[in-house]
Amino acid sequence: MLQLLTFLVEKLSLLSIFKHFESSCADAGEDRERHVARGPPPPPPPPLRRGDLLEVHRTVFTHYGIYLGDNKVAHLIPDILPVFSKDKELIGSVISNKRLILGCIYRCATVRVDTLEDFAYGARVLINHMDTAMRSKALPNEDVAQRAERLVGAVQYSLLWYNCEHFVTGCRYGSAESRQTDKFCEGVKSVIRDQRSVIFTSLLGIISIGCFGMAPSTTLPTVLIPFALWMAG
């Protein structure tokens, strides 16, 4: 039951982040329209330094990496291909959005080094954008890069508990955190605290009993889940 609930929470988080991404895209489109009306584009970003934290919008979430110098970026990225192939050249190719999303679902990921262009995947790169939002001060850039290099290889991936944002914050600030995960958990808390969730889950339980009959697999969730939500609220 616990594994099933964890699985459902992770899949719901994908949907939540997807909605957030759609909203971000809409806001970005409006910003571009306003910018065109204002005039010339802003000046180019400052040159990259080894140990900089890079941020790009990728598929349904924001993706992060650590710049290593020489146009190389270390980043933790899900990939389904290693499950089906041992061809290192094929696995080392640019990870498409489909490979990335399937890797998230299958929880298969690696910390790998790619070119800056492959990492960005056509998106605009933000540099050290997180420095102003984090509680901890950034470590020296060389220490950050060395931390990232030591972690290159296969990792145990979790969309909620260890993703690309945990990887870069652990390297740059010494503490693995994810603002995307925090926002999702706050959303889950608001749903749990909404007493309508108790009514909804009770109705679902009654429907399941009506469809499948009285049994421990239907009766216990019908009683325990609404009770847990009631106590949590």
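The questions and answers below concern a predicted model and its sheet, helices and backbone angles.

User: What are the conventions, and how many helices and strands does the protein have?
Analyst: Residues are numbered from 1 along each chain as its sequence is written, and side-chain values use heavy atoms, with hydrogens and water left out. Because the model is predicted, local features need pLDDT of at least 70 and side-chain atom pairs count only at pLDDT 80 or more, while totals for chains, interfaces and linings use all residues. Helices (H or I, at least four residues) and strands (E, at least two) are DSSP runs, numbered from the N terminus. On that basis the protein has 10 helices and 6 strands.

User: What is the order of the strands in the open sheet?
Analyst: Two strands pair if DSSP finds at least two bridges between them. The open sheet holds 6 strands with antiparallel pairing, in the order 5-1-2-3-4-6.

User: Which strands stand at the edges of the sheet?
Analyst: Each edge strand has a single partner strand, so one side of each is left without a neighbour in the sheet. For one of them, the partner is strand 4, joined over 4 antiparallel bridges to strand 6, residues 153-156. In that pairing Ala109 stands opposite Val155. The edge strands are strand 5 and strand 6.

User: Which residue of strand 5 is the bridge partner of Leu54?
Analyst: Strand 1 (residues 53-58) is joined to strand 2 (residues 61-69) by 6 antiparallel bridges, and there Leu54 stands opposite Gly65. Strand 1 also pairs with strand 5 (residues 126-127) in the antiparallel sense, over 2 bridges. In strand 5, the partner of Leu54 is Ile127.

User: How many residues of strand 1 are buried?
Analyst: Buried means under 20% relative accessible area, exposed over 50% and partly exposed in between, with a 1.4 Å probe and protein chains only. Across the protein's 233 residues, 36% count as buried. Strand 1 is mostly covered, and of its 6 residues the number buried is 5.

User: Why do the buried residues of helix 4 line one face?
Analyst: The buried residues of helix 4 (residues 97-106) are Arg99, Leu100, Gly103 and Cys104. Seen down the helix axis they line one face, because they fall within an arc, taken over directions from the axis to the C-beta atoms, of 140 degrees.

User: Which residues are exposed on the other side of helix 4, and what covers the buried ones?
Analyst: Contact means heavy atoms within 4.5 Å. What covers the buried residues includes strand 1, strand 2, strand 3, helix 2, helix 3 and strand 4. On the other side, the exposed residues are Lys98 and Tyr106.

User: At what angle to strand 2 does helix 7 run?
Analyst: Axes are lines fitted to C-alpha atoms, for helices over the stretch in contact, and angles run from 0 to 180 degrees between N-to-C directions. Helix 6 lies across strand 2, strand 3 and strand 4, at about 110 degrees to strand 2. Helix 7 (residues 164-173) lies across strand 1, strand 2, strand 3 and strand 4, and its angle to strand 2 is about 40 degrees.

User: Is Asn128, with its positive phi, buried or exposed?
Analyst: Most residues other than glycine have a negative phi. Asn71, in the loop between strand 2 and strand 3, has a phi near 65 degrees and is partly exposed at 29% relative accessibility. Asn128 lies in the loop between strand 5 and helix 6, with a phi near 50 degrees. Its relative accessible area is 16%, so Asn128 is buried.
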